[in-house]
Amino acid sequence: MSIANYLYLSAILFTIGAVGVVVRRNAIVVFMCIELMLNAANLAFVTFARINGNLDGQVVAFFTMVVAACEVVVGLAIIVTIYRSRRSASVDDASLLKR
Amino acid sequence: MTTSSNLVWLIALPLICSALLLLAGKRANAWGHLVATLVSASAFAIGVVELFAMLGRDVQDRPVTQKVFTWISVGDFKVDASLLLDQLSICFVLLITGVGTLIHIYSIAYMSHDRDRRRFFAYLNLFIAAMLLLVLGDSYLNLYVGWEGVGLASYLLIGFWNEKPAYATAAKKAFIANRVGDVGLSLAIMIAFATFGDVTFKGIQAQADQASSSAMTAIGLMLLLAAVGKSAQFPLQAWLGDAMAGPTPVSALIHAATMVTAGVYLITRSNFIFDAAPTAQLVVIIIGVITLLFGAVIGMAKDDIKKALAASTMSQIGYMILATGLGPIGYAFAIMHLLTHGFFKASMFLGAGSVMHGMKDEVNMRKYGGIGKYMPFTFITFGLGYLAIIGVPPFSGFYSKDKIIETAFNAGGLKGVLLGVATLFGATLTAFYMTRVVIMTFFGNERWGHKDEPHESPALMLIPISLLSIGSVASGFLLYRNHALEYWLKPIVNPAGEQHLEELVQPIVVSALAVTAVIIGVSIAIKKYRGEISSEAPVKVNLLTKAARRDLYQDDFNESVFMRPGQSVVKSLLNFDYKVLDGLVRLVGGISIGAGQSLRKFQNGYVRSYALMMVVGVLALLITVWLMSS
């Protein structure tokens, strides 16, 4: 099996994630799509580490996981707060800055 | 050349007083008029002192100069604000301050019920200062400052009762008509500067014989335009009738005795230019003749006593302008008529003011009649002025007008005959319309339509009138005797000592003709106005009367030829400005507003659209990088 297939998978996952961010309204789903994109990037990093035969990509993948964990903490807190005050988790409803 | 440090005070005193009265406000209400009168009287005193000083010197030392300060100093070009008092300007200084002081005294009583009397006196003093600057300036540029100053004072005083829209309009009309003339004066100054590199009278006179005749003609015609505007000559005469909207003392001082004669002063002062420009001189004569007949015809039909007198002023100034056109011999007679006219016309205007004072400000002569009985003093003084203006010997108008008629006849050839006949005809018309004024006002049936009898005016008004009447009786003889004024002015206006080419017509014959012309005019008027006069103006009148009542259609002419086309030009320019120029500016604004509006749509507040834009952006970036690297 060619190593390029991992990259294809990574691209497909990333695209699914991006499309999900753009088309879904539910903030939780959008969030999950973002996670999907981050993990698609991780997969790509690991693949490149394999191709180049060093550990740089794998190290970066760990960093990404840390960043993703922080992001989940902050992001979920925001979503829950918004849900509490506005009784909705739709991203389109949170458009107050426009006005 | 003698110098003197008094001259500047002639102008400074009334100017300071005017500023004081205007700045002091209500605080000066109680004493403002007294100070103004005192200042005018002291200016007169300075004038008298200067006259005697002048009489004590030899002829060539008589002119006095004073340099006040250097006004403009640019490279070789230098203009001093300096004053020149010579034999010609002293006549004007004495006339302005003398008649001016009398009119100040008269106004104290005449304006006593006006709540703005202080402002009135401030303007009068401003006028005196500006008029003195006009006659004392030693260059055309200094003269121009005074020229504009009297225009301003005249505007302020005509529109003194500007709460009445018609009066405010009259003031504007006078100002605009004067502006047309002022353009002529400024052009004349520019041409003179381009030709001679100098604007002083002395400097130009010294170079006058080397200048090209076309430049001289151009300067002469432009100066004439200025004189025509200021002196209400044809075709700019239409403002003078409306200027009667001002208080009567103003009509007497500014629009009869002094300011309107500034044109005559200008031409006389510029004698060296006109003597070198025969074409301009001919135009001067033509304008003079037209105006003297024009004014007389208008005067015959006016029922408003002040407008009849204004038309007469126009006509008399026509005589003066005509005389100035007749060359070196004419100037002295023009000034002589100017001085005598200053006396008798001011006296008659003040008399008219006195009649109005007694008649509740009625100006329509058809509502007068039989007033002589009730106001004997006004009647006598007005009568003396009347005898002077129509030219009955030995009153002053006889001497001055007679000399003009004589000079006209002696101009030689067909021109002389035509001018002589025109001036004689003008004398007949003058006699007719002035007799009409006197009969309609002081004789005949009483037509005022109310019970209150007219009352004689207070002494404060009658004293100035009587002093002016003495002037209108005696001034002609005094100036004429031994050629007094002629020799006095000779160094200024006729240095070559020019005489009549030949005495074509004997002076005694001219006098006889003039007196005959007057008698004809008076008898026609008496015959026509002897009976009952209706208190309403007759409607069925001949065409000439109709035209004369409308100032010979000059207003209609100006309106249709200048005003309406001017208005439409202004309107189209306004449209151009509004639609094209403003349109361009608005287009630029519109573009940036439109750009903002369309860009604004991207900032819609939806997180998903921001995300989409980010994705699109990243894709675009990637594609660009890929395209550039491959």
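I take two strands to pair if DSSP finds at least two bridges between them. The model I am examining is a predicted one.

**Entry 1: the sheet of chain B**

I looked up the pairing of strand β2 (residues 64–74) of chain B with β3(B), and found it to be antiparallel, over 9 bridges. Two of the facing positions I noted by residue. B:Ser73 has B:Lys78 in β3(B) as its bridge partner, and B:Phe69 stands opposite B:Ala81 of β3(B).

I then examined the hairpin that β2(B) and β3(B) form, and recorded 2 residues between the strands. In this hairpin B:Gly75 adopts a positive phi near 55°.

Next I traced the sheet as a whole. It is an open sheet of 3 strands in chain B, ordered β1-β2-β3, with mixed pairing. I noted β1 (2–3) and β3 (77–85) of chain B at the edges; each has a single partner strand, so one side of each lacks a neighbour in the sheet.

**Entry 2: helices α8 and α11 of chain B**

I listed the residues that make the contact. From α8(B) they are B:Leu223, B:Leu224, B:Ala226, B:Ala227 and B:Lys230; from α11(B) they are B:Ala262, B:Gly263, B:Leu266 and B:Ile267. Sorted by class, the contact of the two helices holds 7 nonpolar, 1 polar and 1 charged residues.

I also checked the burial of α11(B). Because 8 of the 8 residues of α11(B) are buried, I describe this helix as largely enclosed by the rest of the structure. The buried residues include B:Val264, B:Tyr265, B:Thr268 and B:Arg269.

**Entry 3: B:Ala227**

I then asked which residues B:Ala227 is in contact with, leaving aside its neighbours within four places in sequence. They are B:Trp147, B:Ala232, B:Gly263, B:Leu266 and B:Ile267. Of these, B:Gly263, B:Leu266 and B:Ile267 are listed above on the α11(B) side of the helix contact.

Last, I looked up a C-alpha separation. The C-alpha atoms of B:Ala227 and B:Leu185 are 8.3 Å apart, with 42 residues separating the two along the chain.

Technical notes: Residues are numbered from 1 along each chain as its sequence is written. Chains are lettered from A and ligands numbered from 1 in the order in which they are written. This is a predicted model: local features need pLDDT of at least 70, side-chain atom pairs count only at pLDDT 80 or more; totals for chains, interfaces and linings use all residues. Side-chain values use heavy atoms; hydrogens and water are left out. Helices (H or I, at least four residues) and strands (E, at least two) are DSSP runs, numbered from the N terminus. Contact means heavy atoms within 4.5 Å. Ala, Val, Leu, Ile, Met, Phe, Trp, Tyr, Cys and Pro count as nonpolar, Asp, Glu, Lys and Arg as charged, and the others, Gly among them, as polar. Buried means under 20% relative accessible area, exposed over 50%, partly exposed in between (1.4 Å probe, protein chains only).
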